[in-house]
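Hello,

Here is the structure I promised to pass on to you. Please have a look at it first; my notes on what turned up follow below.

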Amino acid sequence: MRFVLKTDYHRDSDLFRDRVQFSWYAALFIFVLCLPIVSGTYVESQLTTVFMWSIAGAGLMILVGYTGLISLGHAAFLSVGAYTHAIMLDLGVPFFVSIPLAMVLCSALGVVVSIAALRMTGIYLAIATLAFAMIVEKIVKNWSAVTGGNAGFKVAPPELFGWELNSTAYYYFCLLVLTLVMLCVSNLLRAPTGRAFIAVRDSEISAQAMGINLLKTKALAFAISAALTGLAGTLLAYQWHYLFPDSFSMLTSIQLLMLVIIGGLGSMSGVVFGAIFITLLPDGIATVREWLPDSIGNLPGLEPLTFGLLLILVLIFEPLGINGRWQKMRLFFSQFPLYRNKTLKRQKSFLRTERVH
Amino acid sequence: MFEVVRLSKHFGGVTAVHEVSFSVNEGEIFSIMGPNGAGKTTVLNLISRFYDVDEGTIQFAGEDITHAPPHEIARKGIARTFQNIELFERETVLQNLLIAQYIHRKTNIFSDLLFLPRVRRQEAQSRRFLEDIIDLLHLQRYREQQIHSLPFGVRKLVELARALCLKPKLLLLDEPSSGLNPEETEDLSFWIEDINKELGVTIVMVEHDMNLIGQVSNRVLVLASGRSIALGTPVEVKDHPDVISAYLGT
Ligand SMILES: Nc1ncnc2c1ncn2[C@@H]1O[C@H](COP(=O)(O)OP(=O)(O)OP(=O)(O)O)[C@@H](O)[C@H]1O
Ligand SMILES: [Mg+2]
């Protein structure tokens, strides 16, 4: 077991717990930096997808994992981000302008949704965000003069000062964006703003007693969340080349929700675990499909069914997701052979009632 | 400094608080006692603005706060604890206390996103301030522990510490001694006096323990069925005939 000696208050706000942890992250970063040199294009494009899902997941994680608000409509922000970006590229706007603009538009939309949904929680909020996503989907479908409707919208290839980025350059671009996003989100979470999110998640009553404005804080969480998911949308647009309204359906929203829950609510490393999982899942399902007898393997609803089933299993058996499992494994090895099975069992909470006492 | 005038609150047909008036002087320790369901917690919830006031007014530091939004109360200098403990369960003690620094922050969302040097300085400053409160309440051992792994008595202390980290002028305590053993209650009475004397915080405390009230408080208000039936020093109130009959249920 390692103990951290703190000699100065700044240590508490450092991003990394100690040198060892920093070295691990640095090693991981160098690894992904070097990977395209040795790996084939398949691994490279899969990883690019992981980066993009991680960015979208980071957005949703702020909302679900840190502020305790649910959203079943985050595909709408992906969609608005992707379409805004593609349309502006089409008008000749350079990407370093159109990406921030798309993010601003998404966060404005996020604030609008939050104002409509602020007094709702749980299932009502889920339904309200779902309805919002359906409205966005309808608009994208029917506003064909601008979005191309069901015929699709061709996305201009990524270009920097007249140079077209190839897939490896694009890999590095996404990696850079992901690194910046992770840095910013981690910064937020170790500063007062992020603490306010967590306070709202854990106890609204207490948060108010601490002087936190619930409505403003929730609106802010929605805005940041929408901006990041919109950012992921702009990157996805490049990867997909063509945008269709159906690419951003309810299934996408559920996939995103699955990402944060399976990855582990309330952890940023969970986002990356979840993104890897989501990226590998379609291939996984395809492989399993081949083993299954045709009568089951060709069922049309197999994918959503698997999603749903996995989600339920995780919620029952490992509510802290892959990240929770990972932490337990690390603890097991660091304390071997002293690890006790019940170490991480939560103590029974003291009685809490609905009444404000 | 703090005054409540003819405060009333109804829940449907139930009158939880009926025309209760009292005023608290600066530097005082003021207790509220009364049988179960007398409306003590409701009075605190009205002051914290968790409940809307039906009738009456609340004045604090020369300002009418009867209709202030609940998140403004802390900024005005009123902090509180809860009868059933409302902490951020999944966070460490330190994080719980740091949240109380939110109202004193001078950074905004943009500087937080970039974690600019002034955010770092502010964090270190907050930590230094928290350390004083941690020392005052002897919470050093628990700094990095998560709330759900702490015993009940420690949680009560953490909640008290968190309220103090708001740097309040007025502290509302809802049954601070409930669930504590006699030794812990003894410690609590010293701490309450320290907080009052050293930090100069005015205290309004809902309490059942007559001993604790007698030890620390200047005056006591007795509520029964939402009405105030006696107000005076602990000694005066203890022998008041209405109080005795309220507790005996006649
Ligand atoms: N949110 C609420 N809705 C309905 N009735 C309530 C509510 N809060 C309190 N009451 C009622 O108001 C009355 C006073 O309750 P309150 O909690 O203020 O009592 P108390 O003096 O704090 O009692 P205790 O010593 O048990 O804490 C009770 O009859 C209670 O049932
Ligand atoms: Mg009470």
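**Domains of chain B**

Chain B is divided into two parts: domain 1, made of residues 1–77 + 168–250, and domain 2, covering 89–166. Please keep in mind that this is a predicted model. The C-alpha centres of domain 1 and domain 2 of chain B lie 26 Å apart. Where they meet, domain 1 of chain B puts in 11 residues and domain 2 of chain B puts in 10 residues. On the domain 1 side of that contact, helix 2 and helix 7 (182–198) of chain B each supply at least two residues. Helix 7 of chain B has the largest share of this side, with 4 residues. By class, the domain 1 side that touches domain 2 of chain B divides into 7 nonpolar, 1 polar and 3 charged residues.

**How the chains meet**

Next comes the contact between the chains. It brings 44 residues of chain B together with 34 residues of chain A. On the chain B side, the elements that give two or more residues are helix 1, helix 2 (70–76), helix 3 (93–99), helix 4 (109–114) and helix 5 (117–136). Of these, helix 5 of chain B makes the largest contribution, 6 residues. The side of chain B that touches chain A holds 20 nonpolar, 11 polar and 13 charged residues.

**The nonpolar core**

What about the interior? The largest nonpolar core has 166 residues, and those with the most contacts inside it are A:Ile55, A:Met210, B:Ala161, B:Ile203 and B:Val222. Helix 10 of chain A, residues 214–240, gives the most to this core, with 15 residues. Domain 1 and domain 2 of chain B both give residues to the core, so it lies between them. As general background, nonpolar side chains tend to be buried together in soluble globular proteins.

**Around ligand 1**

Which chains does ligand 1 lie between? Ligand 1 sits between chains A and B. There are 13 residues around ligand 1, and the closest are B:Phe11, B:Ala16, B:Lys40, B:Thr41 and B:Thr42. Strand 2 (14–24) and helix 1 (40–47) of chain B each supply at least two residues of this shell. Helix 1 of chain B gives the most to the shell, with 3 residues. The shell around ligand 1 is made up of 4 nonpolar, 7 polar and 2 charged residues.

**Chain A as a whole**

Finally, a few overall figures for chain A. Its secondary structure comes to 15 helices and 4 strands. The C-alpha trace of chain A spans about 60 × 55 × 50 Å along its principal axes. For 357 residues, a compact globule would have a radius of gyration near 21 Å, and the 21 Å of chain A agrees with that. Of the 357 residues of chain A, 40% count as buried. Among contacts in chain A with a separation of 6 or more, 76% join residues 24 or more positions apart.

Happy browsing, and best wishes

Note on methods
Residues are numbered from 1 along each chain as its sequence is written. Chains are lettered from A and ligands numbered from 1 in the order in which they are written. This is a predicted model: local features need pLDDT of at least 70, side-chain atom pairs count only at pLDDT 80 or more; totals for chains, interfaces and linings use all residues. A nonpolar core is a set of buried Ala, Val, Leu, Ile, Met, Phe, Trp, Tyr and Cys residues joined through C-beta atoms within 7 Å. A residue is buried if 20 or more other C-beta atoms lie within 10 Å of its own, exposed if 12 or fewer, and partly exposed in between; C-beta atoms are placed from the backbone. Domain bounds come from an automatic or database domain assignment. A residue is near a molecule or strand if its C-beta atom, placed from the backbone, lies within 6 Å of it. Ala, Val, Leu, Ile, Met, Phe, Trp, Tyr, Cys and Pro count as nonpolar, Asp, Glu, Lys and Arg as charged, and the others, Gly among them, as polar. Two residues are in contact if their C-beta atoms, placed from the backbone, lie within 7 Å. The radius of gyration is taken over C-alpha atoms; the globule rule is 2.2 Å times the number of residues to the power 0.38.
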